[in-house]
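The tour begins with aromatic side chains and then moves on to other parts of the fold.

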Amino acid sequence: QVQLVESGGGLVQAGGSLRLSCAASGRTLSSYAMGWFRQAPGKEREFVVGISWSGGNGGYADPVKGRFTISRDNAENTFYLQMNSLKPEDTAVYYCAVKSTSNSDSYYYLAKSYDYWGQGTQVTVSS
């Protein structure tokens, strides 16, 4: 069992930055692919970014390419989402998720692929 806790959300003006954290407990994340998703009011949960547990493979959704960066700190059992140049359309609840996998270079963009989820953190970008 893996417990995930997000933090770092908040209110920021357009053009600003936030860094979200996802701290894991219960298991080490060394063999888990990781991902971030978001859900805006009235919309379905959507993929933001995914990364393999090796860190060698990953992908970003087109709306966030060049602005968001995923990273991980295995020593802290935590991964992050650095969000720069934020836009009002980035406003959503952001969720972290992990998936146990034996494939070190696989990442996943479908929400149903993931095994564990955090509770979500609100990000609001004002114009």
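Begin by selecting every Phe, Tyr and Trp: over the whole structure, a search finds 8 aromatic pairs, where rings (for Trp the six-membered one) pair if their centres lie within 6.5 Å, and planes under 30 degrees apart count as stacked, over 60 as edge-to-face and the rest as tilted. This is a predicted model, in which local features need pLDDT of at least 70 and side-chain atom pairs count only at pLDDT 80 or more, while totals for chains, interfaces and linings use all residues. Residues are numbered from 1 along each chain as its sequence is written, and side-chain values use heavy atoms, with hydrogens and water left out.

**Aromatic pairs**

Show F37 and Y114 first: their ring centres are 5.3 Å apart and the planes stand at 80°, so this pair is edge-to-face. F37 belongs to strand β4 (residues 32–39) and Y114 to the loop between β9 and β10 (116–117), so that the pair links distant parts of the chain, 77 residues apart; strands here are DSSP runs of E with at least two residues, numbered from the N terminus. F37 counts as buried at 1% relative accessibility, and Y114 is buried too, with a relative accessible area of 6%; buried means under 20% relative accessible area, exposed over 50%, and partly exposed in between, with a 1.4 Å probe and protein chains only.

Next, select F47 and Y109, whose ring centres are 6.4 Å apart with planes at 75°, so this pair is edge-to-face. F47 lies in strand β5 (residues 46–51) and Y109 in the loop between β9 and β10, 62 residues apart. Is each of these residues buried or exposed? F47 is buried, with a relative accessible area of 17%, whereas Y109 counts as exposed at 54% relative accessibility.

**Charges over rings**

Display R45, which lies over the face of W117 at 4.8 Å from the ring centre; a charge sits over a ring if NZ of Lys or CZ of Arg is within 6 Å of the ring centre and within 35 degrees of the ring normal. Then move to R19, whose charged end sits over the ring of Y80, 4.1 Å from its centre.

**The disulfide**

Select the cysteines C22 and C96, which a disulfide joins with an S to S distance of 2.0 Å, the cut-off for such a pair of sulfur atoms being within 2.5 Å. The structure holds 1 disulfide, and with 60° about the S-S bond this link of C22 and C96 is right-handed. C22 lies in strand β3 (residues 18–25) and C96 in strand β9 (residues 92–100), so the pair ties together parts that are 74 residues apart in sequence. At 0% relative accessibility, C22 counts as buried, and C96 likewise counts as buried at 0%.

**The open sheet**

Switch to a cartoon view and find the 4 strands that form an open sheet in the order β1-β3-β8-β7, with antiparallel pairing; two strands pair if DSSP finds at least two bridges between them. The edge strands, each pairing on one side only, are β1 (3–7) and β7 (68–73).

Zoom in on β7 and on strand β8 (residues 78–83), which pair in the antiparallel sense over 6 bridges. In β8, M83 is the bridge partner of F68, and L81 stands opposite I70. The covered face of β7 carries F68, I70 and R72, and the uncovered one T69, S71 and D73. Finish at the hairpin of β7 and β8, which has 4 residues between the strands, and where N77 takes a positive phi near 55°.
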